[in-house]
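This report describes a strand arrangement and a group of aromatic side chains. Please consult the sequence and the structure shown below.

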Amino acid sequence: MSDGPHPTTAEGATAAVPRTLFDKLWDSHVIADFDDGSALLHVDRHLVHDLGGPSAYAELAQRGLPVHSPALTFATPDHVVSSAPGRTGSEHRWAAVLIDALRDGSRRHAIRLFDVNQPGHGIVHVIGPELGLTLPGALVLCGDSHTSTHGALGALAWGVGASEIVHVLATQTIVQQRPRRMRITIRGEPRAGVEAKDLSLAIIARLGAASGTGYAVEYAGPVVERMAMAGRLTLCNMSIEMGARIGMIAPDEV
């Protein structure tokens with residue numbers, strides 16, 4: 001936001017400074033602001049999978065910490081699950097250990113687990129939107145860089161690291177620096193066969209593979225407005241490929 005004079009109305013009263021969609025969602029989740037420019041944010045949904053979950057559960061046990069908000073936490077094994085028909089887990093012992101640890105930890109902390117072959121099971125970034133866990137305006141975190149996918153539903157979502165997973169489980173909060181904001185407006189009529197991934201790659205080719213580093217990217221414009229959800233999910237997912245942790249689209253009737 002500009003540090004210059006604020007606009008005024010005809011009566012001389014200070015007018016509200018327009019805010020981006022990102023800023024509105026960020027501000028609505030702030031619990032406390034810190035002197036270094038970071039903020040403590042409330043987390044609405046925390047998604048846990050079989051790679052980050054087991055080690056986080058183990059650290060909680062080592063430190064004697066409970067999960068702060070089990071009802072806002074959801075788990076599913078998806079990274080190391082076998083793709084063979086009729087599978088119940090993984091064909092590899094090391095992967096089976098991770099899946100079993102996710103099951104045990106989720107059960108111990110009363111966290112809803114969408115297990116293999118059970119209703120609701122699937123890729124973590126797919127089941128969030130499908131099951132209505134990811135909602136417009138929600139702050140969604142997961143231990144996976146492509147958590148930006150959820151931004152297609154008007155959510156504020158990004159991937160977190162191993163220590164942050166533990167912090168979110170124990171406090172239902174995250175400490176984060178507010179990123180810069182970038183808006184990408186897409187106009188025109190895509191040619192036949194041009195899909196969301198092609199648009200994303202074209203953006204990266206024009207702006208650079210690191211152009212989104214340090215930014216939250218909001219996609220807008222007529223082309224985005226005409227996109228089905230599959231395309232919007234792809235566009236936000238690919239934000240990571242331009243270096244951004246967050247990609248988002250304003251929610252609408254779609």
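In which sense do strand β10 and β11 pair, and over how many bridges? Strand β10 (residues 215-220) and β11 pair in the parallel sense over four bridges. The model is predicted, with local features requiring pLDDT of at least 70 and side-chain atom pairs pLDDT 80 or more, while totals for chains, interfaces and linings use all residues. Residues are numbered from 1 along each chain as its sequence is written, and side-chain values use heavy atoms, without hydrogens and water.

## Sheet

Three strands form an open sheet in the order β9-β10-β11, with parallel pairing (pairing requires at least two DSSP bridges between two strands; strands are DSSP E runs of at least two residues and helices H or I runs of at least four, numbered from the N terminus). The edge strands, each pairing on one side only, are β9 (180-185) and β11 (246-249). Ala-216 stands opposite Ile-246 in β11.

## Aromatic cluster

Ring pairs link Phe-22, Trp-26 and Trp-158 into a cluster (rings of Phe, Tyr and Trp, the last by its six-membered ring, pair with centres within 6.5 Å; planes under 30 degrees apart count as stacked, over 60 as edge-to-face and the rest as tilted). Phe-22 and Trp-26 both lie in helix α1, four residues apart, about one turn of the helix.

Phe-22 counts as buried at 2% relative accessibility (buried means under 20% relative accessible area, exposed over 50%, partly exposed in between, with a 1.4 Å probe and protein chains only). Trp-26 is likewise buried, at 1%. Trp-26 and Trp-158 form a stacked pair, 6.4 Å centre to centre with 25° between the planes. Because Trp-26 lies in helix α1 and Trp-158 in strand β7 (residues 156-159), this pair ties together parts 132 residues apart in sequence.
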